[in-house]
Amino acid sequence: MTTRLVMITPEIPRFATFFAVVFAMLVVPTASADTFTVSTTADSGAGSLRQAIEDANATLGPDTISFNIPSDQCDIFDGICEIEVLSDLPEITNGLTIDGTSQPRYGLAPDNVCATASAPLRPRVEITGSVDHLFLVTSADVVTIRGLALGRANYPVRAESGGRVVVQCNLFGRSIDGDTRFGFTSAVCVGCFGGTPNPAIVGTDGDGANDLAEGNVFVAGAVGVSIDAGNGSVIAGNLFGVQPDGVTPDAVGTGVYIRQSARN
């Protein structure tokens, strides 16, 4: 009797490789689009702006920070919600939109937050603090800051090495009710502390849509916009040295300061 030996090619390694690849695909982090809501004027803790930034940094983004501060923490008469930070807010390291226009309207607050053809800019959320910065952006993905009143910090908005920032529909240097001049060293500071940031957009992005609503107002500080490094930034459609009505004088030291190292 002849004995035949039959070779059987093992299949387990092939399947093992397949499942290993699938498993690896499943565990690789994927981008999300989460919304974190600010529901308190407190400096820290659950629902705070500080916690929302920390939570957004912990996801890949692009994320959104919205505002839903209850009326009992705001001035119910004029609808102003004031957040005073006690230390620098966390550095923003992922793509993010901080959207002050999402805050509900209370009392006699106008219907609009951003400017319209018939109404000036009128934020509902005011963020101040005797700190170095409010928003420090180092994310290479776009970080958009809009619809807020910002001041008192040396640098309300900073974009440093690699950071990409879009700043629209904000009031810098004066309280929403117009009673207090907050001041600042430079309201929007791009590349002021070394490194090369990505191009910034401050005001209108030039696409012809919502141009009026995208402009910022700069008053009561030393320098409105300082571009110290990086190429290709856009500064357009903003008001400098007047209140949001576009008429009432309210001086700012220097509107726009651009160093030689920043071009185009």
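Let's start with I53 and what surrounds this residue. I53 touches I65, L89, P90, E91, I92 and F135, leaving out residues up to four places away in sequence. Contact here means heavy atoms within 4.5 Å. I53 sits in helix α2, residues 49–57. Helices (H or I, at least four residues) and strands (E, at least two) are DSSP runs, numbered from the N terminus. Is I53 buried or exposed? I53 counts as buried, because its relative accessibility is 0%. Buried means under 20% relative accessible area, exposed means over 50%, and partly exposed is in between, with a 1.4 Å probe and protein chains only.

Now, the ground rules. This is a predicted model, so local features need pLDDT of at least 70 and side-chain atom pairs count only at pLDDT 80 or more, while totals for chains, interfaces and linings use all residues. Residues are numbered from 1 along each chain as its sequence is written, and side-chain values use heavy atoms, with hydrogens and water left out.

Confidence next. pLDDT is the predictor's confidence in each residue, from 0 to 100. The chain has a mean pLDDT of 90, with 88% of its residues at 70 or more. Residues 1–30 stay under 50, and there the model has two contacts beyond four places in sequence. Where pLDDT is low, the predicted coordinates should not be read in detail.

On to H133. This residue is in strand β6, residues 133–137. H133 counts as buried, because its relative accessibility is 6%. What does the side chain of H133 reach at 3.1 Å? The backbone oxygen of L89. The side chain of H133 also has a polar contact of 3.4 Å with the side chain of D132. A polar contact is a pair of N or O atoms within 3.5 Å; within protein, one must be able to donate a hydrogen and the other to accept it, and residues adjacent in sequence count only if both atoms are side-chain atoms. Beyond four places in sequence, H133 is in contact with D88, L89, A153, Y155 and R158.

Side chains of opposite charge can pair when their charged atoms come close. A salt bridge is a side-chain nitrogen of Lys or Arg within 4 Å of a carboxyl oxygen of Asp or Glu. How many salt bridges does a search of the whole structure find? Seven. In one of them, R158 and D132 meet at 2.9 Å, N to O. R158 lies in strand β9 (155–159) and D132 in the loop between β5 (125–128) and β6, so the pair ties together parts that are 26 residues apart in sequence. R158 is buried, at 10% relative accessible area. D132 is partly exposed, at 25%. Salt bridges that share partners join D132, R158 and E160 into one network.

Two other pairs. R50 bridges to D43, with the closest N and O atoms 2.8 Å apart. Both R50 and D43 are buried. R105 bridges to D111, with the closest N and O atoms 3.2 Å apart. R105 is partly exposed, at 41% relative accessible area. D111 counts as exposed, at 68%.

Now S139. S139 is in the loop between β6 and β7 (143–146). Why does S139 count as buried? Because its relative accessibility is 2%. A polar atom of the S139 side chain lies 2.9 Å from the backbone oxygen of D141. A polar atom of that side chain also lies 3.3 Å from the backbone nitrogen of G95. Not counting residues up to four places away in sequence, S139 touches I92, T93, N94, G95, G162, G163 and R164.

Last, the loop between β2 and β3. N68 is in this loop. N68 counts as partly exposed, at 43% relative accessibility. N68 and S39 are 29 residues apart in sequence, and 5.0 Å apart in space, C-alpha to C-alpha. Beyond four places in sequence, N68 touches T37, V38, S39, Q103 and P104. I76 is found in the loop between β2 (63–67) and β3 (81–84) too. I76 is partly exposed, with a relative accessible area of 49%.
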